[in-house]
Amino acid sequence: MTPAAPTTAARWLPPDDPVRQRLHDEAHARPAARIRMPALVLYVAVRHEGVERGAQWQHLRQLPGQAELPAEALDGQFLRLHLPGGALRWERHTEFTRYTLFQPLPDDRGLGTSDPPLMDALIVGRDWVRAIPGQVLVAIELVMLHADIASDDWLVPARQWFGGRPVAVSRMGRDGHSAVMTDFLLADDGFERILVVAPPGTTETRAGRISQRLLEMETYRLMALLGLPAAKALLPEVAQAERQLSALTARFEAREASDQTLLDELVLLAAGLERATAEYAFRFDATRAYDALMQQRLAELREHYLHGQQTLGEFLQRRQAPAVATVQAAAQRLASLAVRVERASGLLRTRVDIATETQNQQLLNRLAQGQALQLRLQATVEGLSIAAISYYVVSLLLYGAKGAKAAGLPLNPEVAVGALLPLVVFGVWRSTRGIHERLARRAGAEADPS
């Protein structure tokens, strides 16, 4: 009998980590589409802040043949739907959702036409595209055509396809297997147009990889640029904060205000910088990450020059690099200013601490002087107390001696009491010292309970 295939209970490995399967499947999460050329790829990326998956699910159900689409189908990050005459991919990312429609290109929209209309050929309808939940960030009409690119004969009709507008052109791949052309402009319908020309025989898999790289490159480019408006809004605040810090440090050096006043102002300045950091840090970090992804997708195109034509990479670098540099400069200035404020606050706190310690030392000195004076006064009072007590004791003894003389004893009261005076004084003094010693021992026992 042939043994049965191992089940989960009979597997050879220990139990899986809870996320093992999900991490393993991440490599296959967003496979490149298979595109049969000539093709029209309609791509829309929307920022979905405030848009729940339920709203996207309801919108996808409006597609032809998708009325029974279960809500669980959107639990993941990727979904491919087969439609009459094409297909649609839904992908949800951290900040945006992508909708990519694949369909054949009508025969009358290829090379040889000028600015051909494309939206009226969609299999989903203009209203469905207009109702996509979210705010549009990227919208691209990607057309992929067959043509012989061994010569330059295709360039003239390709430029005519863009209405004669200036375009950037690149050959792609190590062997220049295909070419891409775009004007990086938004047309009247709100879409950017990209034209890919590849020789007959280009496989559907290669066409899918080309479209994926181009669409992701443009998406990550615009996502990276989201940091530019934030940087331009932040830079005036940073400049104002730098001027405030400079004025504060000048007043700190010249001692034109109390340390407490300067410290309060520095705390307010630091609080403003913390607010700005919390507001802009994510956007600036995202710009760096998206720009790195864009550069990676651009490198994957393996561009080649085409007879002196400006390539996509040249066009993007000339405009993208200054924008990213502005964002990075704003982030660095904000971080540097926060460090300078912290350093100035540390110096001011040090000066305040030194002044406080000086005041405390002076106070301790005054307390010590007061205690020494108190001890001298106490010694004086104790001497007077010994004399007073001795006086009262001697008086009592004198009265006693007089009483004894009156009773008939042969006694001179004054002589007898005078003889006892040294003993009385010594006894009073010794009793006082004994009291002091007992109090001192009790205080020492309370201070050292062990």
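This report describes the sheet, the nonpolar cores and the aromatic contacts of a predicted model.

## Basis of the description

Residues are numbered from 1 along each chain as its sequence is written, and side-chain values use heavy atoms, with hydrogens and water left out. Since the model is predicted, local features need pLDDT of at least 70 and side-chain atom pairs count only at pLDDT 80 or more, while totals for chains, interfaces and linings use all residues.

## The sheet and its helices

Eight strands form an open sheet with mixed pairing, in the order S2-S3-S4-S1-S5-S8-S7-S6; strands (E, at least two residues) and helices (H or I, at least four) are DSSP runs numbered from the N terminus, and two strands pair if DSSP finds at least two bridges between them. Strand S2 (78-83) and strand S6 (168-172) are the edge strands, each pairing on one side only. S2 and strand S3 (residues 86-92) run antiparallel and are joined by six bridges, with Arg-80 standing opposite Arg-89 in S3.

Helix H2 (residues 53-60) packs on the sheet, where it touches S2, S3 and strand S4 (96-104), and its direction makes about 175° with that of S3. Contact means heavy atoms within 4.5 Å, and angles run from 0 to 180 degrees between N-to-C directions of axes fitted to C-alpha atoms, for helices over the stretch in contact. Helix H5 (residues 204-225) runs at about 150° to strand S5 (135-146) and lies across several strands, including S1, S3 and S4.

## Nonpolar cores

A nonpolar core is a set of buried Ala, Val, Leu, Ile, Met, Phe, Trp, Tyr and Cys residues joined through side-chain atoms within 4.5 Å, where buried means under 20% relative accessible area (1.4 Å probe, protein chains only). The largest core has 42 residues, of which Leu-60, Trp-128, Val-129 and Trp-154 touch the most other members, and strand S1 (residues 39-47) gives the most to this core, with four residues. Apart from it lies another core, of 37 residues, among them Leu-214, Tyr-220, Ala-224 and Ala-286.

## Aromatic pairs

Rings of Phe, Tyr and Trp (its six-membered ring) pair if their centres lie within 6.5 Å, planes under 30 degrees apart counting as stacked, over 60 as edge-to-face and the rest as tilted; by this rule there are five aromatic pairs. The rings of Tyr-99 and Trp-128 are edge-to-face, because their centres are 6.1 Å apart and their planes stand at 80°. Tyr-99 lies in strand S4 and Trp-128 in helix H3 (residues 126-130), so this pair ties together parts 29 residues apart in sequence; both residues are buried.

The rings of Phe-184 and Phe-315 are stacked, because their centres are 4.5 Å apart and their planes at 5°.

Terms used:
Buried < 20%, exposed > 50% of the residue type's maximum accessible area, 1.4 Å probe, protein only.
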